[in-house]
Amino acid sequence: MTATVGRHAQAAARANDVWKVYGTGEAQVAALRGVSAEFERGRFTAIMGPSGSGKSTLMHCLAGLDSVSRGTVQIGDTTVTGLGDSGLTKLRRDKVGFIFQQFNLLPTLTAQENILLPMSIAGRKPDPAWYDTVIDTVGLRDRLGHRPSQLSGGQQQRVACARALVARPEVIFADEPTGNLDSRSGAEVLNFLRNSVREHGQTIVMVTHDPTAAAYADRVVFLADGQIVSELIEPTADTVLDTMKKLDTPVEVAG
Amino acid sequence: MLRATLKSLLARKVRLLLSGLAVVLGVMFVSGAFVLTDTLGRSFDAVFADAYEGIDVNVAGKPKVALGEMQGEQVAATVPAATVQRVREVAGVAEATGVVNTDGAQLIGGNGKVVTSFGPPQLGANWRGESDLVKLREGREPRADDEIVVNAALAQAGKVKVGDRVGVLTPLTPKQTFTLVGIFGYSGDRDSIGGVNEIAFTTPVAQRLLLGERDVFTNVTVRAAPGVGDATLRDDVARTLGDGFEVKTGAQLSADASASLKEGLSFFNKILLGFAAVALLVGTFLILNTFSIIVAQRTRELALMRAIGASGRQIIGSVVLEAVAIGLIASVLGLGAGIGIGALLAYVFGNLAGGLTLAGIGVPASAVIGSFAVGLLITVVAALLPALRAARIPPIAAMQDVANPDRPLTRVTVTGGVITGIGAVLLFLGLSGNAGDNALPVILGGVLFAFIGVALLTPLISRPVVSLLGAVFAWSVPGKLGRLNSGRNPRRTAITAAALMVGIALVTGVTVILDSAKGSIGALAQDTIKAELVISGASTGPRPASFDPAVLTKVAALPGVQMADGEYGDMGMVDGKVTWLAASSDVTALQRIFGAKTTAGDISRLGPDQMLFSSDSARSRNISVGSTVTVQASRGEPRTYTVSGIYESSELTSPVQLPPQAVKDFAIPKPNQGFIQLAPGTRVADVQPQVEALLADSPEVSVADRDAFIEQQTGSLDSLLTMIQILLALAIVIAVLGIVNTLALSVLERTRELGLLRAIGLRRAQTMRMITVEAVVISVFGALLGIVVGVGLGAAVVRALKDDGITDLILPWGQMGLFLLLAAVIGVVAAVLPAVRAARINVLGAIAHD
């Protein structure tokens, strides 16, 4: 099945018949089997699926962190497949932002320095107005001088969100962003992500296994056994949970 | 990016400082060497400028045998009194003074012992009256033949005062007794100039005792008339005198003297720099390892950088930048420490040299440039490999725990094999003499390549050896865990052990070479020298110790003495080539005492116009029995000899043997060593005290039995060995730092695992034991490698020196065992801090730790 919703809007990221195969010979494992998907600009998409369904692999391939065995990946008008190291570096600087489950802040830098790190790595100055907007949105203005160790988990993740947003990338990939947070902090972060999509037109692709988290998205794509098996538009926690339950009973899916 | 790098550097300052310490020590040697030689050099400049201040032009005879700096003391030809008169008549000369001035006049102090100087000359001179430089402090000038004056420092050192009867030795004469009639000092209230001691006689006595001729001088000093330039006057004097004289201005003289001294200092400099190189080589291993571990620990952080847009080049840049920062800090600290060490050594040296007035401590540009160049270069080069590895970390490592796959060791092993091979080839070329003049650099290059090659092979070797070594400790659970941990990261274990290997290998290699040399020479002497008693002494200055030849006649007359031979030597020229000349008072000694065998002609007798050649030097000069050769000794006129015999070369024979009549022209016409053969059945203990009594007036030498003599002769090798071992100990200390560093970082890396072990019941003491076992296994492995490599290097050198008389390969088993024991102790010591740290890990915190 191919996710085809929103053909009218230009896709921020697109996968065309992506295969990802690990190992060779007997030990060969296919993590992705011919996945095709589009992720429209200005929308919040969640990728769900049981453990080992290939959801993280799909995200890594989309973000250019991992190579694909077959098929192509595009971000905006750039074809990611086949890019060399410098091309990938440029892609990460210009078009892609990341939010990680483990926050991944540099412990030695203050919150502000962490937020500005991608800009300073690329040797750019942030747009001051946008920077102010981001800081106010994440609500960290009084915490900018603190080190990560002086911040709570939720605050750290909001710093990481600000870091991803400040460069205004084409698309932000979030890998289980609430996986390490309590439910209240998690809700804060998810609200914040949804707002950045609604108010600022940011594109976000989030991998999660939490139906509540997925319910914050505009659309949910379900993966099982390396293939897209279902999708939901305007999901709620209940509809997501239902779909997940259905996935647990193996369904023959037409490719 | 810059800020992120510097901040992460600050966060890890302690462990980086630890590895930086290795660079600090290396740089300290470099800058210390330059500061020391610069300070001493300028101090000596001042001394010479001062000593030659009153001289506008100096006239000296050309030496009959021109020698290089390392070949020995050059003896200048004398200047006849008539020449002084001729100089005086040259227009523009205000004053010309004939000077007698030679090194080697020794005062016998109040306690009957020779006053030694440890380096600076001990001058004998003619008293030329007071001058701007020289002032009598007490007493009066010498007037009679048995009167002398000495400088104040010498009077103090010898504890003699005006009116005392004192003994004096000169190179040409045995002990003579004089009355001390005066004590003089130098301008500026100095007791000595640069530690030099001086004994002044009346002019005729000085000529007879010091030059062995009447009416001759060593040199003529000239004062120019007002308005006459030094250089002009020099040229005028040289023109008047013609060939055969060396005419120089006072400034030239001072420059020459200080240049030749600085050549000696530069040798010293090179030795210190050599040790700096060793320290830095070990430091390189240490820094390489620290950076590798830090990069491994920061994998996630570096991957994050890559994920948010850093390029590979930026990652390399950030690691190299850290290295530059550490290199800079280490260079500054090392430079500072080096200035301190250099100043301290200069002070010690100045005191040893009898109160050399030190010029201010200077920091030459070479010290600063050398320190920073070496410090920065070493750190950056060492960090380069880890930096490249850091750049290869995939960004995806930020999201998942990328298991660090055990990379295969094939590549590193092949590279190591190739580099070891290159090292072996270089060593072979250098040692086999195929490299010609470049032998030393080729050998050093070979050693360096061998070290690096073996270090690269170490990971492969480490697996079986470490597991074998660890088996010793495997009886307890902590021991077993420690053993497994040390085999866990073969590269890391290997580099840490390799750092220790370098120091131990060098010490072992040097010990093997020196022990073999000592053993071979000792065995040879034991087998061939047929003398029960030997008279000899340690030299206290540039000239060897010598004694009164009259003693030999008296010894020969003692009951039970079969033969008493005196050995003489001089650096002279044979057919224009500088050669060591030897002569025996008893020509039969060559066969009867040194066991020489005849190759051609007759070597049992020697007429006054005949001489003998060794087979080697006869072959190289194409000489056979019946050839005639011209010999020029240090003094006197050249003489022609007929070759009457050729003897087989051995370690104990000299290239040529002259008849006893030739020794009067030697720089020191007194024997340096005496060999006494006793009649069968005579007890050594009966004769030795009688010979001792006869030597009462020759305080420079003493008599010993053969074993004691051989021990004395090879004893200098022992002190050389001790000195080298002390300096190389530094390299071992740096390696210990390396082990501490590796363990500390490993403990940090395994916080979680250690927490888990503690949670399931490992006690604190067991944790500490586990870390200690790991350290001991690594250090014993390093020492084992070092011993094997060291024995290999030493054996190669010994083999190459087979033709030079080092025939026996002697392995210092005891010392090698000691090194292994020492390595175990080093391991225990190095483990203390990391073990305490591991034991203190908070169990809960470690497990909850992310």
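These are my notebook entries on what I looked up in this predicted model.

**Ground rules**

I count residues from 1 along each chain as its sequence is written, with chains lettered from A and ligands numbered from 1 in the order in which they are written. As the model is predicted, local features need pLDDT of at least 70, side-chain atom pairs count only at pLDDT 80 or more, and totals for chains, interfaces and linings use all residues; side-chain values use heavy atoms, with hydrogens and water left out.

**Entry 1: chain B overall**

I started with the totals for chain B. I get 23 helices and 24 strands (DSSP runs numbered from the N terminus, H or I of at least four residues for helices and E of at least two for strands). Its C-alpha atoms fill a box of roughly 100 × 75 × 50 Å along the principal axes.

Of the 850 residues in chain B, 52% are buried (under 20% relative accessible area; exposed is over 50% and partly exposed lies in between, with a 1.4 Å probe and protein chains only). I also looked at contacts, meaning heavy atoms within 4.5 Å. Among those in chain B with a separation of 6 or more, 81% are between residues 24 or more positions apart.

The accessible surface of chain B is about 36,400 Å², and carbon and sulfur atoms hold 61% of that (Shrake-Rupley method, 1.4 Å probe; for residues, only the protein chains shown count as cover).

I then checked the charges of chain B. The mean positions of its 69 positive and 66 negative charges lie 15 Å apart. Lys and Arg count as positive, Asp and Glu as negative, and His and the chain ends are not counted; each charge is placed at NZ of Lys, CZ of Arg, CG of Asp or CD of Glu.

**Entry 2: the annotated domain**

The unreviewed UniProt entry lists "domain: ABC3 transporter permease C-terminal" for residues 275-395 and 726-842 of chain B. I keep in mind that such annotations may be inferred rather than shown by experiment; feature names are shortened, and positions follow the numbering used here. I looked at residues 726-842 of chain B and found 83% helix and 0% strand, with the end C-alpha atoms 42 Å apart.

I picked out B:Arg492, in helix H14 (residues 490-528) of chain B. Is B:Arg492 buried or exposed? With a relative accessible area of 9%, B:Arg492 is buried. Beyond its neighbours within four places in sequence, B:Arg492 is in contact with B:Asn289, B:Ile293, B:Thr742, B:Ser746 and B:Glu749.

I traced an open sheet of 4 strands in chain A, in the order S2-S1-S4-S5 with antiparallel pairing. S2 and strand S5 (78-79) of chain A are at the edges with a single partner strand each, so one side of each has no neighbour in the sheet. Pairing here takes at least two bridges found by DSSP between two strands.

Strand S1 (residues 11-22) of chain A is joined to strand S2 (residues 29-40) of chain A by 8 bridges. I noted A:Ala13 paired with A:Phe39 and A:Tyr22 opposite A:Val29. The two strands make a hairpin with 6 residues between them, and A:Gly23 in the turn has a positive phi of about 75 degrees.

**Entry 3: buried spots in chain A**

In helix H1 (residues 55-62) of chain A, 7 of the 8 residues are buried, including A:Leu58 and A:Leu62. Just after H1(A), A:Gly64 has a positive phi of about 80 degrees.

A:Phe98 is in strand S6 of chain A and counts as buried at 2% relative accessibility. Its contacts outside four places in sequence include A:Leu65 and A:Phe173, along with B:Ala307 and B:Met399 from chain B.

A:Asn104 has phi near 50 degrees; it is in the loop between S6 and helix H3 (111-122) of chain A and is buried at 6% relative accessibility. B:Lys159 has a positive phi of about 55 degrees, but counts as exposed at 71% relative accessibility.

The loop holding B:Lys159 runs between helix H4 (152-158) and strand S9 (165-169) of chain B. I followed S9(B) next: 4 of its 5 residues are buried. S9(B) pairs antiparallel with strand S5 (residues 106-108) of chain B over 3 bridges, and with strand S10 (residues 176-186) of chain B over 4 bridges.
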